[in-house]
Amino acid sequence: MAYLDEVSIAANQTLPGGYPFELPVIESFDSIRLDPGVTFFVGENGSGKSSLLEAIAVGMKCPTVGATDARSDPMLSEAGLLAKCMTFGRSINAKRKMFFRAEDAIGFTRRVQADMKDLAEMTAGYEKSLKGYARQLAQGVSNGQKEAYVDRYGENPDARSHGEWFLEILKGRLQPGGLYLLDEPETPLSPIHQLSLLSLIMEMLRSNCQFIIATHSPILMALPEALILQFDQTIQPVEWNDVEHVEITRSFLNDPQSFIRHL
């Protein structure tokens, strides 16, 4: 399901100087078409793939995983400057949107734990401050909210590995009919968990979702029929077998010692 068809630099727009406009891929950027299912942004660190993804998140007013609008995130202020120079070709509006960076998972964990603790303290406070039906009603509300957290994220999020918790967050936040922007989601994931994420993405594609994903992971890039856009001096479509990350990983696994000898 295509919610976002194309992103372009606005007509007659003169780009200012400074970051991120000085990145070669941004200087040469005109427009790109996006796949209605999954588009991968691939390239080396500093190539501009995350910068463009962040600008799309701001321009599309995507909430972050903590439910804050990307436009109000101070870490995305530079992306906001780029977003103001862009236009976004939409087919239909997505019911749900989200921008998720791997580092957001830690902050979100602390937020969930703090909310659960606050709700438990509220329940205990009502025991002392209220009586009868009023106490029963108030405690029912706070306990219900805490149970909703437990059902979605578990009794103690810290009891799980970082990778397991990361996947649980995504399982809880990815819903049918959504536009989802993920920035290097493989970062905390083992190869097995990357396959689990790939399975989750494939499941959500069957529920009318669209993904734009910046990644270094050959595992994720292998998603059938996905569009892979290579970021170098320009942005160009590339086949999975021709992605540099795939070529290097394959060559290393075939003969690791020949690589190690030259380090």
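How many residues of strand 3 (residues 38-42) are buried? The count is 5 of 5, so "buried" here means under 20% relative accessible area, with exposed over 50% and partly exposed in between (1.4 Å probe, protein chains only). This is a predicted model: local features need pLDDT of at least 70, side-chain atom pairs count only at pLDDT 80 or more, and totals for chains, interfaces and linings use all residues. Residues are numbered from 1 along each chain as its sequence is written, and side-chain values use heavy atoms, with hydrogens and water left out. Helices (H or I, at least four residues) and strands (E, at least two) are DSSP runs, numbered from the N terminus.

- Strand 3 is covered on both faces. Val38, Phe40 and Val42 are buried on one side, and Thr39 and Phe41 are buried on the other.
- In a regular strand the side chains alternate between the two faces of the sheet.
- Two strands pair if DSSP finds at least two bridges between them.
- Strand 3 runs parallel to strand 7 (residues 210-214), and 4 bridges join them. Phenylalanine 41 has alanine 214 as its bridge partner in strand 7.
- Strand 3 also pairs with strand 8 (residues 227-231), in the parallel sense and over 4 bridges. Here valine 42 has glutamine 230 as its bridge partner in strand 8.

**Lysine 49**

- Lysine 49 lies in helix 2 (residues 49-59). Why does lysine 49 count as buried? Lysine 49 counts as buried because its relative accessibility is 2%.
- The lysine 49 side chain reaches the backbone oxygen of glycine 43 at 3.0 Å. A polar contact is a pair of N or O atoms within 3.5 Å; within protein, one must be able to donate a hydrogen and the other to accept it, and residues adjacent in sequence count only if both atoms are side-chain atoms.
- Contact means heavy atoms within 4.5 Å. Not counting residues up to four places away in sequence, lysine 49 touches residues including Phe41, Val42, Gly43, Ala214 and Phe231.

**Salt bridges**

- The structure holds 3 salt bridges. A salt bridge is a side-chain nitrogen of Lys or Arg within 4 Å of a carboxyl oxygen of Asp or Glu.
- Arginine 33 is exposed, at 53% relative accessible area. Glutamate 6 counts as partly exposed, at 25%.
- Glutamate 184 forms a salt bridge with lysine 49, with the closest N and O atoms 3.9 Å apart. This pair also links distant parts of the chain, 135 residues apart: glutamate 184 is in the loop between strand 6 (178-183) and helix 7 (191-205), and lysine 49 is in helix 2.
- Glutamate 168 and lysine 171 form a salt bridge, with the closest N and O atoms 3.7 Å apart. Both lie in helix 6 (residues 162-173), 3 residues apart, about one turn of the helix.
- Glutamate 168 is partly exposed at 22%, and lysine 171 is partly exposed at 48%.

**Aromatic pairs**

- A search of the whole structure finds 4 aromatic pairs. Rings of Phe, Tyr and Trp (its six-membered ring) pair if their centres lie within 6.5 Å; planes under 30 degrees apart count as stacked, over 60 as edge-to-face and the rest as tilted.
- Phenylalanine 100 and phenylalanine 166 are stacked, at 5.1 Å centre to centre and 15° between the planes. Phenylalanine 100 is in strand 5 (residues 96-101) and phenylalanine 166 is in helix 6, 66 residues apart. Both are buried.
- Tyrosine 180 and phenylalanine 211 are tilted, at 5.6 Å centre to centre and 40° between the planes. Tyrosine 180 is in strand 6 and phenylalanine 211 is in strand 7, 31 residues apart.

- An open sheet of 3 strands has the order 2-1-4, with antiparallel pairing. Strand 2 and strand 4 (86-90) each have a single partner strand, so one side of each is left without a neighbour in the sheet.
- Strand 1 and strand 2 pair over 3 bridges in the antiparallel sense. Serine 8 has serine 31 as its bridge partner in strand 2.
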